[in-house]
Amino acid sequence: MKNNIIVALIVAIVMSALLFRKQIDQQKEVLNQGANESLSSTITTGSTIAFGSIATGVPAFKGVFQLIQSIPGPPVLSLMIGTGLIGGITASAVGAIGISVANFAPIYLEMGLDPETVHRAIAIGSGALSIVPYSGFLIIFNNLTGLTMKDTFKNGFISISVTHWIAMAVIVVMALLGLA
């Protein structure tokens, strides 16, 4: 079955509603808040992914993709940088993964990269530039915590983007040594 996770979530929600129906009346405010916050996050994430899908349909995307492929060095480097750039453009690691898997992965697999390396490169590269001021993650985080972009951007950038850059460097070194 293709949608096992969705079915499991629906069954869990229905079972929880039945098993804990006595407690639900006491928790209506919490449930309403959770529903509202999840809706906001869902809309933000969905709009980011939609933006990325539209961006790949623009003729200029082919030029960007050709530029990415021309980056010197091992193919894994251009795959990670390209995925990172897409993450920065869409402000979403999830959007970058979706776009890279659909548009970059087949070409890099044809180049001879093994599927595990392609997966690793896309997953790591996706977060390299995804923390930007218009990032859905930061917007949602700041809305939930009441903090401002000034309060969170520096630490978010260091803890997410810089760590991805370090991981990217490790993967490139592994590729150069024939270990990736």
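Colleague: Is Ser130 buried or exposed in this model?

Modeller: The model is a predicted one. A residue counts as buried when its relative accessible area is under 20%. Ser130 has a relative accessible area of 6%, so Ser130 is buried.

Colleague: Where is Ser130 found?

Modeller: Ser130 lies in the loop between α8 (115–125) and α9 (136–145).

Colleague: Which residues does Ser130 touch, leaving out those up to four places away in sequence?

Modeller: Ser130 touches Gly87, Gly88, Ala91, Ser92, Ala93 and Ser135. One of these, Ser92, also takes part in a contact at the start of α6. There, a side-chain oxygen of Ser92 comes to within 3.3 Å of the backbone nitrogen of Val94.

Colleague: Which residues of α6 are buried?

Modeller: Helix α6 spans residues 93–103, and its buried residues are Gly95, Ala96, Ile99 and Ser100. They cover an arc of only 125 degrees around the axis, and therefore sit on the same side of α6.

Colleague: Why do residues three or four places apart in an α-helix point the same way?

Modeller: An α-helix has 3.6 residues a turn, so residues at that spacing point the same way.

Colleague: Which residues of helix α4 are buried?

Modeller: Helix α4 covers residues 59–69, and Phe61, Phe65 and Ile68 are buried in it. Seen down the axis of α4, these buried residues fall within an arc of 60 degrees, so they line one face of the helix.

Colleague: Which residues are exposed on the other side of α4?

Modeller: Pro59, Ala60, Lys62, Gln66 and Leu67 are exposed there.

Colleague: In which helix is Gly34 placed, and what does its accessibility make it count as?

Modeller: Gly34 is in helix α3, which runs over residues 28–57. Its relative accessibility is 35%, so Gly34 counts as partly exposed. Between the C-alpha atoms of Gly34 and Ile158 there are 29 Å, with the two residues 124 residues apart along the chain.

Colleague: How many helices and strands are there in the protein chain?

Modeller: The protein chain has 10 helices and 0 strands. Along the sequence, the pattern reads α-α-α-α-α-α-α-α-α-α.

Colleague: What box do the C-alpha atoms of the protein chain fill?

Modeller: Taken along the principal axes, the box is roughly 60 × 45 × 35 Å. The accessible surface of the protein chain is about 11,200 Å², and carbon and sulfur atoms account for 70% of it. Of the 180 residues in the chain, 28% are buried.

Colleague: Of the contacts between residues at least 6 apart in sequence, what share joins residues at least 24 apart?

Modeller: In the protein chain, that share is 68%.

Conventions: Residues are numbered from 1 along each chain as its sequence is written. This is a predicted model: local features need pLDDT of at least 70, side-chain atom pairs count only at pLDDT 80 or more; totals for chains, interfaces and linings use all residues. Side-chain values use heavy atoms; hydrogens and water are left out. Helices (H or I, at least four residues) and strands (E, at least two) are DSSP runs, numbered from the N terminus. Buried means under 20% relative accessible area, exposed over 50%, partly exposed in between (1.4 Å probe, protein chains only). Contact means heavy atoms within 4.5 Å. The arc is that of the directions from the helix axis to the C-beta atoms. Accessible areas come from the Shrake-Rupley method with a 1.4 Å probe; for residues, only the protein chains shown count as cover. A polar contact is a pair of N or O atoms within 3.5 Å; within protein, one must be able to donate a hydrogen and the other to accept it, and residues adjacent in sequence count only if both atoms are side-chain atoms.
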